[in-house]
Amino acid sequence: MDTGRSELEKAANPATKAFNRESYFTKISFDISNKTVKITAKIDTGATYTVIGLEHKGLIRFKDQIQKSSMRGIAYDASGTELKLYGYVVENFRLTDEIILDKIKLFFSEDIGSKALLGMDILSLFDFQYLKEKRQNYGTFWINNYDEALKDLQARRLNKDTDYIDPILIADVEDRV
Amino acid sequence: MCESGRVVRMEKVDVDKVFKEYGLEVQQVEPSVYKVLNTEKEISVDELQKDLEYCVLLTSERKGKKRLSTGGCYTLAYIYYIVTDVDNIELGYKYDNIASQEFGKVIYDSYEYDPKGECTIDTIYARGEI
């Protein structure tokens with residue numbers, strides 16, 4: 001019996017629709033201005049931040065409003081190229097079937113094209129695990145004890161008195177109200 | 001082929017053949033836009049996108065999943081509209097709005113085949129890490 005375990009289902013590569021053992025993509029979705037956009041993000045434990053590319057066809061219509069955000073950041077790709085990040089609060093962020101965050105700040109950037117990376121800022125909020133299936137050539141990412149993690153996030157949010165989750169700041173908040 | 005500064009992709013895919021393979025009954029409402037008439041049919045969204053190569057699908061929320069023996073899942077959903085001109089951004093948004101009025105919750109799901117996307121190194125570093 002899977003008690004409190006939620007699967008980050010492996011999705012096909014968003015560019016080729018192929019499945020490779022070496023890459024792990026998963027589908028996330030969120031709402032901006034009451035419109036739901038589905039994005040296939042690469043799970044990247046080497047990425048410090050979760051960043052969504054503003055050239056994704058579903059996001060171009062929101063580019064102006066996102067780039068007007070006063071929440072800004074800077075990151076770098078592997079070649080050292082600077083990436084401008086815009087923080088924007090989205091609604092109903094669906095990470096898995098069981099994990100939906102009603103309001104969370106995500107970073108967006110036009111410097112990564114239409115790609116999307118699910119990074120350690122969000123992953124490390126949870127007890128996540130890669131389990132290789134026995135006698136198979138593939139594995140699955142799981143989030144364990146997600147109920148506890150969601151309760152913890154809610155408590156920290158109340159303590160910080162914000163109505164959204166900031167994946168960078170939330171971990172530094174005391175979990176006692 | 002260029003139109004008003006936009007590059008319009010040549011349709012290499014026989015879309016009618018693809019629709020038939022998936023059992024989709026469609027009505028062409030505009031060039032490059034097809035309204036699905038049998039919207040209660042669950043379709044493997046990823047496989048349909050792969051076969052169409054370039055498309056925007058306006059779909060329901062996920063209705064189920066098709067788990068593969070090699071690991072991984074395909075999403076099953078109802079399809080409302082299919083837009084095959086992905087470069088016409090406004091066309092996809094127009095039908096997103098139309099579908100939302102008709103069906104309520106609609107998911108905008110675009111796909112463009114890119115063979116270079118097979119092997120990429122993607123990562124992000126914070127200031128001071130690199």
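Reader: What makes B:Asp46 and A:Lys27 a salt bridge?

Author: Keep in mind that this is a predicted model. The closest N and O atoms of B:Asp46 and A:Lys27 are 2.6 Å apart, and the cut-off is within 4 Å, so the pair counts as a salt bridge. B:Asp46 lies in helix α2 of chain B and A:Lys27 in strand β2 of chain A, so this pair joins two chains. Both residues are buried.

Reader: How do you know that A:Asp31 and B:Lys105 form one?

Author: Same test: their closest N and O atoms are 3.6 Å apart, and the limit is 4 Å. This pair also crosses between chains, with B:Lys105 sitting in the loop between α3 and β9 of chain B.

Reader: Why is A:Asp31 called buried?

Author: Buried means under 20% relative accessible area. A:Asp31 has 9%, so buried it is.

Reader: What makes B:Lys66 and B:Glu47 a salt bridge?

Author: Their closest N and O atoms are 2.7 Å apart, and that is within 4 Å. B:Lys66 is in strand β7 and B:Glu47 in helix α2, so the bridge ties together parts that are 19 residues apart in sequence.

Reader: How many salt bridges are there over all chains?

Author: A search of the whole structure finds 22.

Methods:
Residues are numbered from 1 along each chain as its sequence is written. Chains are lettered from A and ligands numbered from 1 in the order in which they are written. This is a predicted model: local features need pLDDT of at least 70, side-chain atom pairs count only at pLDDT 80 or more; totals for chains, interfaces and linings use all residues. Side-chain values use heavy atoms; hydrogens and water are left out. A salt bridge is a side-chain nitrogen of Lys or Arg within 4 Å of a carboxyl oxygen of Asp or Glu. Helices (H or I, at least four residues) and strands (E, at least two) are DSSP runs, numbered from the N terminus. Buried means under 20% relative accessible area, exposed over 50%, partly exposed in between (1.4 Å probe, protein chains only).
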